[in-house]
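Welcome, and thanks for taking a look at this model with us. Have the sequence and the 3D view open side by side as you read.

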Amino acid sequence: MSDAIVIRNLVKTFDGFRALDGVNLTVPSGSVYGLVGTNGAGKSSCIRCLAGIYRQDGGDILVDGQPVFENPAVKARIAYIPDDIFFYSQAGINDMVKVFRDVYPSFRMDRFTELGKIFNLDPKQPLRKFSKGMQKQAAFWLALSVMPDVLLLDEPMDGLDPLMRRKTWSVLLGEVAERELTVLVSSHNLRELEDVCDHVGILDHGKMLLQRSLSDLQENMVKIQAVLPEGTDLPDGLHVLHRSATGRLQQLILRGRAEDVERQIAACNPVYMDVLPLTLEEIFIYELGGADYEVQNILLS
Amino acid sequence: MISINYRDGRPIYEQVRDGFRQLIITGVLPAGSRMPSVREMASSLTINPNTIQRAYRELEAEGYTVSVPGKGSFVTDRLDAVLARREALLTDFRSLVGELKQVGAEEADLTRVIQEEYNT
Amino acid sequence: MKFKTSFFHKGLALNLLRRCWPVWLAYLALMIFEFPMNIYGNMQSWRGPLPDLADMLANNILQSACSAAEISFFACIVVVMAVFGYLYNMRTCGMINAFPVRRETVFCTFALTGLVPMLLADCLAALLTVVLIGNAAPAGTVAQWLSMAVMSNVAFYGFGVFCAMLTGSLFILPLVYLVLNFTAVVVEECLHALLDVFLYGYARPKGTISWLSPGNAVFRDIHVRYVYDRARIGVAYSIENASALVTYCVFGVVFLLLALLLYRKRRMEAAGDTVAIPVLKPVFKYCMAFGTALVLAGFVTSGQSLHSRTAALLACAMLLLGAFIGYFTAEMLMQKTVHVFTSRWKGLIITWAILLVFSAFCEADLIGYEKRLPSAEEVESVTVGAYGMSELHEAQNIADAVAIHGDIIAHKDEQEKKLDSSYATTINYEYHLKNGRTLRRTYRLASGEEERQEKGDLWQMQELLNRPEAILDRVREENGGLTPESIDRASVYTRVYDERTRYETEKDLVLTAEQARDLYLNGILPDMEEGRIGRMKFFEKDDRLSDTSISLELSAAEENFLGGGTSPIPARRFYSSYFSVDLDSVHTIAWLKENAELDVMPYTRPSYEDDTVISAPVYTGVG
């Protein structure tokens, strides 16, 4: 399975400010990649470079091994949904379809009609009259009808109600499963990303802090609550990332596989031991070196 | 048919795997029937298809499902074999427990082992 | 849809047309209203003689052609804003640029789709006109209309698209377009006004760069000219300076190509910025600073009548103020905030320094412009005068002209002071030097009664201009070479003051051609040769004025290439030559007494302090 998206040392400067300062990013084919970061971290700029809107000041941006900028052959297979969607006044979805059909060779009318049942919007109404959430839905409708190989989403679920979010992800994940659609989604909502992503990357101040597959992250960290017998301490050889206690109840974050860590702790006969779920947020915090204020800041926004 | 409990400490793929195992054993998914496609499951649960894939792989490894190239995954029609095996193992277990008792193992020890196994 | 290199994308073109069709429809309606409907309406309501209909239509069609060019100026920028407006908003910009279409294709598609409907509208309007008026107008006039409409559209559209590439803001675009269309001519005017303040004797150079301002050309230079003849021979209309449009049209295409190059390099993140090209940011800032300085100083100084040091100080102050305004306005526009005053003063300080140096340099006349005086030996001939100019070749006259010029220069301070309190006459010098070069100066000299009594500079000049050589040259020059044959008739006017009604009227005696020619040969010409008639009169009071004046009506043949024809049409040009008879114009007075029984009397001017006196205007000088 090759990589759908490869970004190497991406640099982008705006008026002397280095918004992207050597970003490295890899998205395997058929995966859902979550791009996380604060506002101003560079997520939107990164995605716009990927969409071929900005020309990078340095580095390579490759989709399916081909550079993106001014490359219609590759751009035809990329669909992009920005966070601030724009439609021309008086344009309805049908009008946008005409444009998309002309511009994207892989646009499929039958798929459009099929998806219409899910998105349930009036294609003749001017898009200006729709709510922001409905406009986003329209954008998804159009983008998916293009049958892209790569889908770039910038804060896509902003403004969508929970039901619509579910519906939209449902369709997206269906396509990921069925035809290896690659999705790159930037978001603040770690809770949402946790389910749908299989890879994540954290962008901060124009640099990639951390980029891993989700299973990698989840399988290498364990959260354990335990009460140890009087006088005993944790066995040696445990890689403890964080430790706190309320009375005799210890809260531990440890590196390692759950079964291994459990076994090791069990060896000292704890009075009580329980494995607790770790949220993606917590994983990030401890991966990045603890409950640092700055790190918290990145993730809690 | 499967629901995910996000408060559960277990990884999602485990919940999916266990959920299906339950459905197969209780016969909700009859032997020889086709498993829902990865796509359907990913879509309806809104979770990453890889997660579903993983659960399916484990079910297959445990022998509950069989994948036919080009056709998908099917519930094993050899479930009886699996259940029979379970029965056989339980019988073995019983005799093993009897033997342990004979050599002086405490009930508490046995229970502890059981507990440990079931908690991993 | 393949990705071979194609430069036109049908889908994008159709989308643009679907979105913005009202713009082109409005243009079409405007063109149809302006041309076929207008012309047809005029034709239908024509009540004059039929042969004149063709002339009237020709005139109207060509007028309409000039209007079409003016409309084009505005229409093109509107179309450009509609077509390229997407570049100024990150959202639309992002959408178009995410499409799998090459930039060249996008640009060419949009550029053509913007222009072609306008040209089609022009053709349609022309076609409709031909259908409506048939053969009624001279051949080629409608074609001329069409070519002017098309050329001005290409010119302004190309320029508009180029302007669109320079900025990232939809509000700034029309301003840039407007300013750049008139920059050359405005800068030129302001610079002349400024130099006139700083340099005593500043004469505007003959050349001009106003052709660099297409807006100026279209609104001021290009207009219909007609020559008509009382005998109705060779009536024709043509458009002045129409060939300039050809140049602008070619430049329009060049600008379009430049715009393509800029578009390929454009940073799409410039959407919303005032200046889209980083390299141009300081250029914008300094152009705004110097430009505003120049314009403010130019306007203020040309609108007031201060002189010398005071005026120079005011001009300098305006330059500094203008630079301040321009500089910080540019900063505000670029940074999109009003809080720009706390930083980046360095650029303004530099600008101020340059302006101060410039002002001081000019006012102190460090290049010696004010003091430059040729020696009489250097001069081949000198053309000198006020509203009437005479070319002097005689050595004595040249020497005296140079001497007077020297006095004028020497009396700089006095002259400038006098201008505060008296009227002035503008005197021009144009030396043709023996080395082939030309030296030109212009002075405003006080023309009050004091000046006349003191026999100051202006009085000296007046006497020089009233020498025979000067008079003869001036009169001939103004009258197409005055010859007896060219005289058609004459009128002799005598002023009469009625004490009772307190009105001043004129008695009028008409002479036939033969009489007029006789008067000229035996009266006026001998007097001119002695410097007794045809004088320049700069002062209100003149002791030699009589109550009589003569007007000669002349005509001269002229060849004109009119109406687009290739062979010249004989035409005539008409002149009116005016002489006020002075009390010492002995030959003229004698002729009038002998041939018209007319006694020439001294002129008794009613007192102007008494405002109940109403009079005809007092003529001074040759008309």
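Where in chain A does His205(A) lie? His205(A) is found in the loop between S9 and S10 of chain A. We will come back to this residue after a few words on the model itself.

## About the model

This is a predicted model, in which local features need pLDDT of at least 70, side-chain atom pairs count only at pLDDT 80 or more, and totals for chains, interfaces and linings use all residues. Residues are numbered from 1 along each chain as its sequence is written, while chains are lettered from A and ligands numbered from 1 in the order in which they are written.

## Chains A and C in outline

Chain A has eleven helices and 14 strands; helices (H or I, at least four residues) and strands (E, at least two) are DSSP runs, numbered from the N terminus. Its C-alpha atoms fill a box of roughly 75 × 45 × 35 Å along the principal axes. Of the 301 residues in chain A, 43% are buried. Here, a buried residue has 20 or more other C-beta atoms within 10 Å of its own, an exposed one has 12 or fewer, and a partly exposed one falls in between, with C-beta atoms placed from the backbone. Among the contacts in chain A with a separation of 6 or more, 71% are between residues 24 or more positions apart; two residues are in contact if their C-beta atoms, placed from the backbone, lie within 7 Å.

Chain C comes to 18 helices and ten strands. The box filled by its C-alpha atoms, taken along the principal axes, is roughly 100 × 70 × 55 Å. Buried residues make up 39% of the 623 residues in chain C. For chain C, residues 24 or more positions apart account for 77% of the contacts with a separation of 6 or more.

Let us now turn to one strand of chain A. Strand S9(A) spans residues 199–204 and is mostly covered, with six of its six residues buried. His199(A), Gly201(A) and Leu203(A) point one way from the strand, Val200(A), Ile202(A) and Asp204(A) point the other way, and all are buried.

S9(A) pairs with S3(A) (residues 32–36) through four bridges, and these two strands run parallel; strands pair if DSSP finds at least two bridges between them. S9(A) is also joined to S10(A) (residues 207–213), by six bridges, and here the strands run antiparallel.

His205(A) is not a glycine. This residue is partly exposed, with 16 other C-beta atoms within 10 Å.

Asp365(C) sits in the loop between helix H11 (346–363) and strand S3 (379–385) of chain C. Asp365(C) is partly exposed, with 16 other C-beta atoms within 10 Å.

## A covered helix

Helix H1(A), residues 43–50, is mostly covered, and eight of its eight residues are buried. Among them are Lys43(A), Arg48(A), Ile47(A) and Leu50(A), along with the cysteines Cys46(A) and Cys49(A). Just after H1(A) comes Gly52(A), with a positive phi of about 85°.

## Where chains meet

Between chains A and C, 23 residues of chain A are in contact with 20 residues of chain C. On the chain A side, helix H2 (72–75) and helix H3 (93–103) are the elements that give two or more residues. H3(A) gives the most, with five residues. By class, this side of chain A divides into 15 nonpolar, one polar and seven charged residues. In this scheme Ala, Val, Leu, Ile, Met, Phe, Trp, Tyr, Cys and Pro count as nonpolar, Asp, Glu, Lys and Arg as charged, and the others, Gly among them, as polar.

Chain B touches chain A too: 16 residues of chain B are in contact with 20 residues of chain A. Helix H2 (38–45) and helix H3 (49–61) of chain B each supply at least two residues of that side. The largest share, five residues, comes from H2(B). This side of chain B has five nonpolar, seven polar and four charged residues.
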